[in-house]
Amino acid sequence: MAAEWSVLLLTCQRGGCVSAFQRELESRRLRGSLGPRPPALLLAVEDPWARLGSGGATLNALLVAAEHLSARAGCTVVTSDVLRDARILILHMGRDFSFDDCGRAFTCLPVEEPSTQAEALVCNLDSLLGTMTHRLCVGSPPGVWVCSTDMLLTVPAVPGINWDGFQGVRVIAVPGSQAYARNHGVYLTDEEGLVHNIVYKGTEAQIQQCAGPDGTVPLVCGVVFFSSDAAEQLLATHVVPPLDACTYMGLDSGAPPIQLSLFFDIVLCMAEGMTEEEFVKGGGDASVKSARSVLWTALHTFPLSMACIPNASYDYMTTSASDHIRSLTLLPGSASHLRFCKTAHSHVDQQPHLLEDGSSVTNCLLEGAVQLAAGSVVQHCHLQGPLEIGPGCLLSGLAADSSPALQGCPLHDIVLQGHHVRLRDLPCRVFTLTGRLDDWQSPADEATYLNMPWAEFFHRTGIREGDLWDAEMPRRSRCLLSARLFPVLHAHEALGLEDVLWLLAPVAGKRLARWRTAWRMSWQELLPCLDRVAELGARRDLFFLQGQHKVRQVLLGCRDSSLQPLTRSAVHEGYHEAVLGTLDEVASTADDAGIAARALACIADVLGCMARGEGGLRSGPAANREWASAFGRLESGDIAGGVRELAAERQKWMSSPALLVRAARHYEGAEQILIRQAVMSSCQFVTVGEVELPPLGHWVQVACPARLDLSGGWSDTPPITYEHGGAVVDVAVLVDGCRPIGAQVRRISEPELRLTSLGGTPQSEAVMELVCRELEHLQDYCQPHAPGALLKAAFICTQVVQFPSQKPLGAQLMENFGGGFEVQTWSKLPHGSGLGTSSILAGAVMAALYRAAGKTASTTSLIHAVLHLEQRLTTGGGWQDQVGGLVPGIKIGRSKAQLPLRVEVEKILVPDGFTQTLNDHLLLVYTGKTRLARNLLQDVVRNWYARLPSAVQNADALVSNAEECAQALRQGNLPLLGQCLERYWQQKKCMAPGCEPLAVRRMMAALQPHVYGQCLAGAGGGGFLYVLTKAPRQKEALHQILAKTEGLGNFSVHSIEVDMGGFPVDVVGCDLKDGAPSREDVAV
């Protein structure tokens, strides 16, 4: 479950670059991180005054939300009625933060979330959004949630807040120690959870009064919820002076500014222990007291309750560098939805062991030997080694050109940051350097700089107080915050990182003089000049630069990591050209065709993502002539040239979603060419012998069983089978007592090829007849739906016919065989049966054709020959079907994660009598549904190349389940075998969603009580269902059960038997229809 927001608002300080933060919110919507139903309104709202306070910012944001909701409702004035059913979340960015130019909200956390749709940096804002949306606010009624972003908040998955009968306002607290509470706020409540007071930095006695039985106190954590009624009353105050000054309307009306606290000026008035006089007098100046009086009148009658969340934690982001480094290097509590990692969204070029445990690297590119000690943090940096960063450091915002200055520099216990600054219209880079132990606001006489007393610093560097502070500045005001330490511009020279690093190891003379002549600013003066647009842009640039390195690393390293979230993010953020260029580079320079194929698949994903769900389905034709030249280069083995031509052609197809989708299809077509080349490496395992030619006119007949795949299917599919490795358990079966698939071939005197497809038996009438007399008649052999394509491909793959060739077809046939060939095929199984018909038929045709041409091939050779044929045919199948139908009995086929692709088959030895047990307990049910999803295979390959975590995990599970299934068969254990079948069906549905039609679901539900396990054969989507019944010989019983089940259509139940005999290759008489054939020999 998740809270569904009507409006999400992010407030920022005046002059804080609201447009940059609006873009950040929109980016999160685009990449899907705001949930499946993101808020209708996403608004970054600028405070109308520089020091408005959290209370004023809340009132202003509430007014903005109400105004937008009123406009969407068709109102011409703001009406509080729109708050009745609205769910509003207000997030306050708060004050500036010393350690991140974009504030605490956009402080990056060392977190990667591989399950997200689009890869992105995880900021504190994202963490809080996740906590509020998926945990804290789930189940709450309509109203307004307000949340500060100045803390790291951890909440358990089920916070346990009771909303029954809720009214008024509720504050959220987390348990904390009394020692921590001395510098923070705590709630004083009664036994019913009603708030009596808010104690801020209280005495030990006051804090003790707030403690619970376990000694912890409820800490104020910056989260409060206003019911719709309370929110309406709060909104109503925006027109009453002096509260009107809190809103942009007050600013536009000329009202004087006012500063209000959310908790002490708004929430506190509802505390039970507060009187009106005490509350109003607690205000500062007269305007705040007046505002408090208005707020008391509006809100004090609402009950103020507290929910303290067990096992939650709260960590305020202080201005202490030690605290900040600690928060980024310590693992969050077990209740957190985040998992910190040592390197997040970073590319470490070499020697990652140089990063010690307890260090943290986020959004960085580290090239060369960069050593990072425990207790140090590096963010948003591009560094080049050799570098040694000692403990206690925070480095941020440093570009590659900073590295030479860092080399050999003593880096420990320092904070070194690069900043984007805009001085009027002049953009520039400024570097700041402080010590980990320094305090920004302590008077210089009592404080440190670079972890040493100021006096010692002055002595070491030669810098004087007058260099940093004006003479008239009071001594108590002289602090690090106001010290003009940091060079910004120089009249004659460009400034760089060395202009602050010299302060660590000062050399008297030139550096000091250069520093003195530079225009310098204090951090206090720099803050208003920070260019947050440039800073966020630089972070994005670096993110996608390290992302390009990740692309190379994942593809060239053959890693099972998905690049889809990264490429999707690149499209959303406008970095797709950079990613496409990297993918082109990988595809054109990889030594491995498999790597190149995966890179082309990634390009197809980028193009598909750029279409943004428009332009049609991803699967479709890919034979446009404009791409033919590039395809030809790939077919010829010129991968680099082919990739270059693909990229050039791609540029012509980028202007509309429809063209982008069509281009993506052609990239998948190009990828299939490389897959074909990889799979055809299996040809080296095809050996063909010579035998005597059968007499002219004598038929060579082959009849084959069907196959049942009991587990592991899809793991045999290229490229999964040679990139991951595959294992499939198959059974050769007779259907209703016969071998349902067959072919026969004979030589004829005419120099032509007669291709005939019969009905269900050799005696059936022809349903397709074709005569090929010219080589051109074979050229559509690679178009699977062309008439006779499989038979044409069989002639070419067995090399009975050389194609292409300068020698005409007739001349080839007469010269080699003294005439042509006639081929007839048949199958009793319906189209899309799921029983491996086409691959087994291909094996039967090739076996008969080899024999009729005076050749012979072993079963192992035929298995690999069918792989070759199906790649030439461009159907792209795996090897399980021919293993299942050509190898007798029960077996497991395996392939290793390597090329050349080799299939090895192990016969599974079962206990005596268990084969008959299987015959008694296995049944086939024809579902009446023809499998229409022709693109299932394409979808599976696409998901595999994307390395979707679900696809990778499922491939692992398919192989392990196949081995367990083989073990169940060896044990003769029907219940365990049934469990394997059930798991296998779930794995098939995971691999190819949509393979379970509604009628099949109903059928399986009806049969479930009567079976150990059941599964659709093959890829699913229709065809045959096989069931392992609990009782033997249940054909009639199952038929009756299904006959009583509504919505099934034309089903039928069939008996099956394990075929232990293998497939015979028989040379028989001239005319099979005249009577029983006389068998001359059996080759297999």
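Which residue takes a positive phi in the hairpin of E7 and E8? To find out, work through this predicted model in the selections below.

**The hairpin**

Begin by selecting residues 185-189, which form strand E7. Four of the five residues in E7 are buried, so the strand is mostly covered, where buried means under 20% relative accessible area. At Thr189, look across to Val195 of E8, which stands opposite. Five residues lie between the two strands, and Gly193 is the one with a positive phi, near 85°.

**Helix H1**

Next, select residues 18-30. This is helix H1, whose 13 residues reach 19 Å from the first C-alpha to the last, close to the expected 18 Å. Colour Ala20, Phe21, Glu24, Leu25, Ser27 and Arg28, which are buried. They lie on the same side of H1 because they cover an arc of only 155° around the axis. To see what covers them, display strands E1 (7-12) and E2 (41-46) together with helices H3 (124-136), H18 (532-556) and H19 (564-573), which are among the covering elements.

**The largest cavity**

The model has seven cavities of 30 Å³ or more, and the largest holds about 210 Å³ of space. Select Glu24, Arg31, Leu121, Arg540 and Glu573, which lie nearest its centre among the 16 lining residues. Helices H1, H18 and H19 each supply at least two residues of this lining, and H18 gives the most, with five.

Technical notes: Residues numbered from 1 in each chain as written. Predicted model: local features only at pLDDT ≥ 70, side-chain atom pairs only at ≥ 80, totals over all residues. Heavy atoms only, no water. Expected span 1.5 Å × (residues − 1). Buried < 20%, exposed > 50% of the residue type's maximum accessible area, 1.4 Å probe, protein only. Arc of directions from axis to C-beta. Contact = heavy atoms within 4.5 Å. Pairing = 2+ DSSP bridges. 1 Å grid on protein atoms, 1.4 Å probe; cavity = no way out; pocket = protein on both sides within 12 Å on 5 of 7 lines; lining within 4 Å. Points joined across faces, edges and corners; volume = space filled by probe spheres on them.
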